[in-house]
Amino acid sequence: MTLQPGAKLGPYEIVAPLGAGGMGEVYRATDPRLGRDVAVKVLPEHLTSNADIRARFEREAKTISSLNHPNICTLFDVGREGETDYLVMELIEGETLAQRLLKGALPTADVLRIGAQIADALDRAHRAGVVHRDLKPGNVMLTRSGAKLMDFGLARASVASGPVSASGATMAALTQSPTMASPLTAEGAIVGTFQYMSPEQLEGREADTRSDLWALGCVLHEMATGRRAFDGKSQASLIAAIMHVAPAPVSAAAPMAPPALDRVVSACLAKDPADRIQSAHDVKLQLGWIAEPASQSGVGAAPVLPAAPRHAGSAGAWIAWALAVVALLVAAWSLWSLRGRSEAPVVADIAVPRGLAIRDYWSSVAIAPDGDHALACAQGTDAPMRLWIWQLDTPVPRVLEGTDGAIYPAWSPDGRYVAFDSAKEKGLCRIPVGGGGITRLADASDPRGTAWGSKGVILFAPRSSGPIFRVPASGGTPEAATELDASRGEGSHRFPTFLPDGEHFLFTAVPRGPKGFAVRMGTLGSTKSKVILEAESGAAYAEPGYLVFVQGRKIIAQRFDASSGTLSGERFALDDAPTPGDMDAEPAVTASARGRLLYMVNPRPASTLEWVDREGLTRSTLALPQGDWWVGSLSPDQKSALATMGNDLWQVDLERAVPTRLLTGIDPYEACAWSPDGQRIVATSRESGHEVLQIIRSGGSGPRDSVAVVPALFLESASWAPDGKTLLA
């Protein structure tokens, strides 16, 4: 039916139509009793002709009307006028998120802000027992006051709100997505909009709160990239993509998006609901942490060596950020790539919530044997230092209760327990990872490290001086496992780490030698040991056969034969070493059984490129990878800029904020300039100690020319003649 201006539904007077679709017609109306404008949705007769459906609708409408939240469109009233059923809702001025997305992707700050508001709205609904079931950009309004989640017309009360009628007559029967061919009211039927529906919904299973989180992941992906997470030429191909295909990472279409956003979206879009992030509240918190001014982490990614590793400070893949008060944990990469295995480098942000500070000892963190979990000693506001556990695909950690004063954690080989030194218990303790009471194993005062081997033995340094001790993991009398070498002036052995056989182990001897601390190799069958190398830190063994240690302020990997205790081959730098704390001789990394490394990184805030006009007004502000950037010149078409960072020359796309590396090995303070037609670039580099003018194509592809110049210490400027045939330098 179509209502004319002046018509009345109960006390509400129709003013003008606002829209229509399969879910009914929506009108602007006035409520003369309260003197306010409202939106009235008239529901199709075929959805409310059944008395049982209407009664259930009224009960569930009461639940939905209780969702008083600034980011939820308020349901004011439900009524019936003759044979017409209607809803009365808050009238919202603005545009839908779907309309905004027609213009392209949103800025990252808006993605995080709007995403957090939607997540907060979903959290409020879920806590009230309501599942939306049709979250999509068309159901989100963007207003001056923030995002508004609309149209719970496909929502049904979840299990928390009461049993579902066997008839299947629910709120789902009251509205219908325009993408569906006909009303679907039977229990188990597919209800919703295909592009945003979860796999379990497509299979006809009951939607729960995790189905809304899937849709939220789709919406976040679309906001960040301007593209739908899943698409197809037909319903069949679309459904197949949702069921079986992983969406392209956010970073593939938006390279400058924070890596942590990619992790949140991926956690929402896990095919199995059990593998997804489990609450909208967690999504809201994570997006809020990412949005903090200094709240995202740099990640080091390893290519197959000997190519130089890419990391947050060097380039072109993503922006680096810092989340933690002290440091951020990073599962850096897998050493299997050193052998050319097909396994891709594993990179994972481990988000540290705001207000949770990780202790700044390198050995405050430990990766699990499976490589999918991490431990850290961290302290929250007004809380003691305790152990926190992260699952790498879940952004929110959980605390291990009863671990007050914990330091130097070590996983059991099966990943079921954690050993740690406890200031509260004044000794070495163990605790089940799943939670439970702690078991005190031995005395320890001012300890220096812990390791748990596959032979059921725990090594620990109970004091800041003296040897390493061993104790059965089940408890018992500690025995010395090493003896100090007086000829080398050793006063302390500390920070043991087991080798794969569970019989041999590494540890660090203090004091410092000519090249650093002595890394020694010992065995459980003797207190004797031998020096393996000298380094600026302790060392950790990582599969498939490497020692990882710090030298020259870099994290270094070198081939290591664990059976003979010998190093061989070339050393490779993996990343910058973390800033040292006040603890000597600890290893910088911890490794899983699969060779995944975990280590702290220094905060690496993003750099900013600001583009101003001749009036001094800012035209745009772009985020770039952290570094010491120098801007050279603007392209003739004003779409790109030349900039140097370190010893690299970059071309920065000013519209997409994407940098492309053009040259390496240049002096960052020397000449670079565009040709008049913007097709070529001249830059200074050094070849065999001499200055050379390199002429390259815009974008870095195609042939290159070089022009030798008069030897000089610095070539500080270069410019093109108007005809593009002559250079002045």
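This is a predicted model: local features need pLDDT of at least 70, side-chain atom pairs count only at pLDDT 80 or more; totals for chains, interfaces and linings use all residues.

Student: How many salt bridges does a search of the whole structure find?

Tutor: A salt bridge is a side-chain nitrogen of Lys or Arg within 4 Å of a carboxyl oxygen of Asp or Glu. Here the search finds 22 salt bridges.

Student: Which parts of the chain does the pair Arg28 and Glu93 link?

Tutor: Helices (H or I, at least four residues) and strands (E, at least two) are DSSP runs, numbered from the N terminus. The side chains of Arg28 and Glu93 form a salt bridge at 3.3 Å, N to O. The pair links distant parts of the chain, 65 residues apart: Arg28 is in strand 3 (residues 24-31) and Glu93 is in the loop between strand 6 (84-90) and strand 7 (95-96).

Student: What about Glu90 and Lys148: buried or exposed?

Tutor: Their side chains meet in a salt bridge of 3.2 Å, N to O. Glu90 in strand 6 and Lys148 in strand 10 (residues 146-149) are 58 residues apart. Glu90 counts as buried at 19% relative accessibility, and Lys148 counts as buried at 9%.

Student: Where does Glu401 lie, and where does Arg386?

Tutor: Glu401 and Arg386 form a salt bridge through their side chains (3.3 Å, N to O). Glu401 lies in the loop between strand 18 (398-399) and strand 19 (406-411) and Arg386 in strand 17 (residues 385-391), so the pair ties together parts 15 residues apart in sequence. Glu401 counts as exposed at 52% relative accessibility, whereas Arg386 counts as buried at 15%.

Student: Now the helices. At what angle do helix 4 and helix 6 pack?

Tutor: Axes are lines fitted to C-alpha atoms, for helices over the stretch in contact, and angles run from 0 to 180 degrees between N-to-C directions. Helix 4 (residues 108-127) and helix 6 (residues 209-225) pack at about 170°, with axes 10 Å apart. They are therefore roughly antiparallel, a term for angles over 145 degrees.

Student: What classes of residue make up the contact of helix 4 with helix 6?

Tutor: Contact means heavy atoms within 4.5 Å. The residues making it include Val111, Ile114 and Gly115 of helix 4 and Leu216, Val219 and Leu220 of helix 6. The contact has 10 nonpolar, three polar and one charged residues; Ala, Val, Leu, Ile, Met, Phe, Trp, Tyr, Cys and Pro count as nonpolar, Asp, Glu, Lys and Arg as charged, and the others, Gly among them, as polar.

Student: Which residues of helix 7 are buried?

Tutor: In helix 7 (residues 235-244) they are Leu238, Ala241, Ile242 and Met243. These buried residues pack against helix 5 (199-202) and helix 6.

Conventions
Residues are numbered from 1 along each chain as its sequence is written. Side-chain values use heavy atoms; hydrogens and water are left out. Buried means under 20% relative accessible area, exposed over 50%, partly exposed in between (1.4 Å probe, protein chains only). Angles under 35 degrees count as roughly parallel, over 145 as roughly antiparallel, 65 to 115 as roughly perpendicular and the rest as oblique.
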